[in-house]
Amino acid sequence: MNSEEPIVFAVDDDASMQEALSRLFRSIGMQTRIFSSAEEFLAFDRPNAPACLVLDVRLPGLSGLELQRELGEVDIPIIFITGHGDIPMSVQAMKAGAVEFLTKPFRDQALLDAIQQAIRRDRANRKQRAELVEHRVRYEALTPREREVMALVVAGLLNKQIAVKLGTTEFTVKIHRKGVMHKMQASSLADLVRMAEKLGVSTPKE
Amino acid sequence: MSKPDRKLRQLLSSYLVAGLSVGLAVVFTLLSGSAIKDATAFFFCSVMLTSWYGGLWPGVLAAVLSALALDYYFIPPLYALGVGPEDAADMIVFVATAFFISWLNGDQKRAKASISKARDELEASVKERTADLKKVNQQLQLEIAERKTAEQRFLEAQTEIARIARITTMGELAASIAHEINQPLGSIVTTGDACLRWLKAQPPDINEAQLAVEAIIRDASRASNVVVRTRKLLRRGERLRESVNINEVINEVLNWLEVELQRNEIRSRIELQEEVPPVIVDRVLLQQVLVNLIMNAIDAMRTVSDRMKELGVLTEQHDSNPILVRVLDSGVGIDSDDMSRLFEAFYTTKPKGIGMGLTISRSIIEAHGGRLWAERNDGPGSTFCFTLPIGKESEA
């Protein structure tokens, strides 16, 4: 999953800055896609690959900070660049989860370091998101009875208690439990609890 | 002494006068004997005196006493009361005349009293009104003082606002220029970094490096264009230059600062040469220089108390020489240490100054082809002088 080629997006309304960024990324052999406005970036159908966004603060139309708000914190890590940044602006950007806030002119290494960090963060985010999707698929495959058993197991009940609760035998519960562990591909009870937490599985109501 | 007390005493003394004067009349008449033909003369005197002094009723008393005394001492039968028929007419005439005199005098006295009362009342009411007026006047003075303080505060606030506005505008201008220049600089640095990478690559990509350098050159010219544009923007002000009579501008500025001069009790000595040739200047900038120099002069005299505070503004011009403008003050003067740094940016001797006034003033005057300098006076204070070339547009 981590073998995918990362891609750097950049939004800057200044034509020569666009050119300079694309030249820099090209010189280190990095895949890039450059936009001249926030709207253009939003309309673009992003490929499924680890990515980050290099974003100019001052943009015509939707500003960089507004785009950040629109995208939310986990969607894509953002590195801000600006021609004239002030402290409140950078604080706002960092608080909203930006990876870095660079003032032009900046050295390439500062930008590339930030990009590395952003890509790492996006990979982790993506991995988490992918896992969640995977877990959901597995969970969907459970029978209704197995889901009931799973909820009670992760709530910490013993097989005997579960059997009483569901009005069945301990043996049947054991079979369902085995089925749950197998279908969810959980290696241990702890693993199963972690998945249940992420999926938001809770104890069914009495 | 209370009022009724005084009245009573007056009344008593009036009746006393009646008794005494009639007594005296008896004595005088007896002493004079046959020397006077008419025995009634002294008694008339007595009635007149009493009624003049005491009014109607003491007069009547004196008349009655006189009649009795006359009857007793001078009308037969002597030394006994009782009037014979031959003297009755005389007696009645005397009594009637005496009563009449009393009434006349009493009436006059009453009239006099009422006039004096009216006068007293008038005086009292005038006094009262005067006191009222004084009070109102005091209040007015107080309000005037308050108003003056408020005006002064307003003026100070206005000056402060103007100063802040200037700084803010400068700050904004600087920010926008910084952004305009940072944009191409950002591209240059990034492209330069990329270029280095192309050159360091194995094998180096000369073609890409060349393209990068070309982009750098293009962006650098763009940055330099920003500078040129900014300079043009600032130079646009120079097109506002017009033919101006310097004396008019000086009078204008003095008018504005009139309040400030009065408030600091500064006398102004304005000696403007008649018929000065026009100068080609930016009127607003010239006003700025004059306001600055005059305000400096005022500031320099603020603490002076042992001598006359005098502001001098003089113009002179001879032949085709530049016009010379001098602004003199009798203030604290400039010590030699300050003198050498006077025109340095951000150098100030004022607690609230920013140290730009003289720096800006000098650059304005120099931009108009003139000079601005300071001199120490022979007496107290200092003089700031500047020149402006006359007639045609002068390029700095």
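Student: How many helices and strands does chain B have?

Tutor: Chain B has 9 helices and 7 strands, and since this is a predicted model, every value we discuss is computed from predicted coordinates. Of the 396 residues of chain B, 23% count as buried, and among its contacts with a separation of 6 or more, 70% come from residues 24 or more positions apart.

Student: What makes β2 and β6 of chain B the edge strands of their sheet?

Tutor: The sheet is open and holds 5 strands in the order β2-β4-β5-β7-β6, with mixed pairing. Strands β2 (267–272) and β6 (372–376) of chain B each pair on one side only, and that is what makes them the edges. Neighbouring strands of this sheet are turned against each other by 15 degrees on average, with direction ignored.

Student: How do you know that β2(B) and β4(B) are paired?

Tutor: Pairing requires at least two bridges between two strands, and 6 bridges join β2(B) to β4 (residues 310–316) of chain B, so the pair meets the criterion. The two strands run parallel, and R267(B) has E310(B) as its bridge partner in β4(B).

Student: Which helices lie across this sheet, and at what angles do they run?

Tutor: Helix α6 (residues 246–263) of chain B lies across β2, β4, β5 (323–329) and β7 (382–388) of chain B, and runs at about 175 degrees to β4(B). Helix α7 (residues 283–301) of chain B lies across β4, β5 and β7 of chain B, and runs at about 20 degrees to β5(B).

Student: What does the secondary structure of chain A come to?

Tutor: Chain A comes to 9 helices and 5 strands, and from the N terminus on its elements run β-α-β-α-β-α-β-α-β-α-α-α-α-α. Buried residues make up 32% of the 206 residues in chain A.

Student: How do you know that β1(A) pairs with β2(A) and with β3(A)?

Tutor: At least two bridges are needed for a pair; β1 (residues 7–11) of chain A has 5 bridges with β2 (residues 31–35) of chain A, and 5 bridges also join β1(A) to β3 (residues 51–56) of chain A, so both pairs qualify. The pairing of β1(A) with β2(A) is in the parallel sense, and β1(A) and β3(A) likewise run parallel. I7(A) stands opposite Q31(A) in β2(A), and A10(A) stands opposite V54(A) in β3(A). Together, β1(A), α1(A) and β2(A) make a right-handed β-α-β unit.

Student: Why does S36(A) count as partly exposed?

Tutor: S36(A) has 18 C-beta neighbours inside 10 Å; burial needs 20 or more and exposure 12 or fewer, so S36(A) falls in between. S36(A) lies in the loop between β2 and α2 (38–43) of chain A, and beyond its neighbours within four places in sequence it is in contact with D13(A) and Q18(A).

Student: Why are α6(A) and α8(A) called roughly perpendicular?

Tutor: The axes of α6 (residues 144–154) and α8 (residues 170–183) of chain A come within 9 Å and cross at roughly 90 degrees; the label covers 65 to 115 degrees, so α6(A) is roughly perpendicular to α8(A). Residues of this contact include V149(A) and M150(A) of α6(A) and H176(A) and V180(A) of α8(A), and its residues divide into 5 nonpolar, 2 polar and 3 charged.

Terms used: Residues are numbered from 1 along each chain as its sequence is written. Chains are lettered from A and ligands numbered from 1 in the order in which they are written. This is a predicted model: local features need pLDDT of at least 70, side-chain atom pairs count only at pLDDT 80 or more; totals for chains, interfaces and linings use all residues. Axes are lines fitted to C-alpha atoms, for helices over the stretch in contact, and angles run from 0 to 180 degrees between N-to-C directions. Helices (H or I, at least four residues) and strands (E, at least two) are DSSP runs, numbered from the N terminus. Angles under 35 degrees count as roughly parallel, over 145 as roughly antiparallel, 65 to 115 as roughly perpendicular and the rest as oblique. Two residues are in contact if their C-beta atoms, placed from the backbone, lie within 7 Å. Ala, Val, Leu, Ile, Met, Phe, Trp, Tyr, Cys and Pro count as nonpolar, Asp, Glu, Lys and Arg as charged, and the others, Gly among them, as polar. A crossover is right-handed if, with the strands pointing away from the viewer, the path from the first strand over the helix to the second runs clockwise.
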